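Subject: Structure for you to look at

Dear colleague,

I am passing on the structure we talked about, and below it I describe what was found. Please keep the model open while you read, so that you can follow each point on it.

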Amino acid sequence: MKNILSLMLVLLVSGSVFAQDDLLKDMEAGAPKVSQIEMAAFKGLQIGNMQSTKLPVKGEFYFLVSHRFGDLQKGNENFFGLDNALTRIGGIYGVTNWLSIGASRHTYNKTYELSAKIKLADQMVDGFPLTIVEYNSMDINSSLKSDIEPELKFTNRLAYTSQLLVSRKFSESFSLQLTPIFVHKNLLDPEIEKKDQFLMGAGGRYKISKRISLNVDYAARAGASDHDYYINPLTVGIDIETGGHVFQMVLSNSQIMNDVAYYTNTIGRSNGGGIFFGFNMYRVF
C-alpha cells in the first residue's frame with residue numbers, strides 16, 4: 001500500500017509539474033513579446049570630437065578632461081605640439097536616463113560651454129532600428145573685454161549649436177551615426193564666415209577587441225567652397241575601456257574642442273600644417 005501511495009504521489013506531482021509547464025508555455029505563446037533596448041552603439045559620450053548617442057544613466061556623473069596638443073607637423077619648433085596645448089575640463093550629469101546636462105571650461109577663447117542631451121528614442125533588439133538623441137550647446141566667450149570694446153553686450157559672447165544624433169548598432173563590432181548640425185554665432189567676422197551654418201556629420205565605431213575600438217567622425221559644411229578659410233573637421237581616434245573610465249586618443253585637423261568652433265573654425269590642412277594629437281578622458285562616479 002505504501003508503495004502504491006508513493007507511486008500515486010509521484011505521478012500526481014509529476015502531472016502537476018507538467019501541467020504547470022504546459023500552462024506557462026501557453027501563457028508565453030499568448031503573451032506579447034517585450035523588445036529589449038539594444039546596448040549602446042558607442043562606449044564613449046563622444047565618438048572623437050563629435051557627440052555620440054550615449055548618455056549617462058540617472059545619477060551618474062562623468063568628470064571630463066580633454067587635451068589637444070599643438071601642430072605635430074611643426075616638429076621641434078613646438079616640441080611636437082607639447083608647447084602650446086589646449087585643455088577642456090568639465091562634468092556631465094545624468095538627470096534621468098533620457099536627459100543629461102553638462103558644463104565645461106575651454107582654454108580656447110576662455111570659453112564656458114553649457115550643454116544638454118535628450119534621448120528621443122532607443123534602438124530596440126526586435127523593434128525600432130535607431131537611437132535618436134537631441135544635443136544642444138551654448139558657448140560663452142569670456143575672453144572679450146568690454147574696456148577694449150565698449151559697445152560689447154553679453155549676447156555678443158554667445159554662440160549655439162543644435163544637433164540631431166541618429167545612430168544604429170549594426171553588430172557587436174560596428175556602429176554608425178548621422179548628425180545634422182546647426183550653428184549660430186552672435187559675433188563673427190562676416191568676411192570669412194556666416195552667422196548661421198548647417199553641416200551634415202557622420203561618425204562610426206569599429207570594435208577591434210574587447211576593450212578597444214577604432215572611431216572616426218567627419219562633418220561637411222553646406223555651401224562651403226574649396227577657397228574657404230575654414231575647412232571640414234575630421235577626427236580619427238581609438239577608444240580604450242579601462243574599468244571606471246573610457247580613454248580616447250585622437251588625431252584631428254582641429255585643435256579646438258568646443259562644438260561651435262570645431263564645426264566652423266577648423267583650419268588644419270594635411271598639406272599645409274594642422275594635425276593635432278590629443279585625448280578625451282571620462283571618469284564615471
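The second largest pocket holds about 300 Å³ of space, and, since this is a predicted model, that value, like the others below, is computed from predicted coordinates. Lining this second largest pocket are 20 residues, and if you want to find its centre on your screen, look for Asn 109, Asn 141, Ala 159, Lys 185 and Leu 187, which are the ones that lie nearest to it. The elements that contribute two or more residues to this lining are β5 (131–141), β6 (158–169) and α2 (259–264), and the largest share comes from β5, with 3 residues. Sorted by class, the lining of the second largest pocket consists of 9 nonpolar, 7 polar and 4 charged residues.

The largest pocket, for its part, has a volume of about 450 Å³. There are 21 residues that line the largest pocket, and those closest to its centre are Glu 38, Met 39, Ala 40, Lys 54 and Lys 119. When the lining of the largest pocket is divided by class, one finds 9 nonpolar, 5 polar and 7 charged residues.

Now to the fold. The protein contains 2 helices and 12 strands, and when you read along the sequence these elements come in the order α-β-β-β-β-β-β-β-β-β-β-β-α-β. How are the 12 strands arranged? They form a closed barrel that runs β1-β2-β3-β4-β5-β6-β7-β8-β9-β10-β11-β12, and the pairing in it is antiparallel. On average, and with direction ignored, neighbouring strands of this sheet are turned by 20° against each other.

Of its 285 residues, 39% count as buried. Among the contacts in the protein with a separation of 6 or more, 56% are accounted for by residues 24 or more positions apart.

With best wishes,
A colleague

Definitions and conventions
Residues are numbered from 1 along each chain as its sequence is written. This is a predicted model: local features need pLDDT of at least 70, side-chain atom pairs count only at pLDDT 80 or more; totals for chains, interfaces and linings use all residues. Side-chain values use heavy atoms; hydrogens and water are left out. On a 1 Å grid over the protein atoms alone, a cavity is a set of points where a 1.4 Å probe fits but cannot get out, and a pocket is an open set with protein on both sides within 12 Å along at least five of seven lines; lining residues have an atom within 4 Å of a point. Grid points are joined across faces, edges and corners, and a volume is the space filled by probe spheres set on the points. Ala, Val, Leu, Ile, Met, Phe, Trp, Tyr, Cys and Pro count as nonpolar, Asp, Glu, Lys and Arg as charged, and the others, Gly among them, as polar. Helices (H or I, at least four residues) and strands (E, at least two) are DSSP runs, numbered from the N terminus. Two strands pair if DSSP finds at least two bridges between them. Axes are lines fitted to C-alpha atoms, for helices over the stretch in contact, and angles run from 0 to 180 degrees between N-to-C directions. Buried means under 20% relative accessible area, exposed over 50%, partly exposed in between (1.4 Å probe, protein chains only). Contact means heavy atoms within 4.5 Å.
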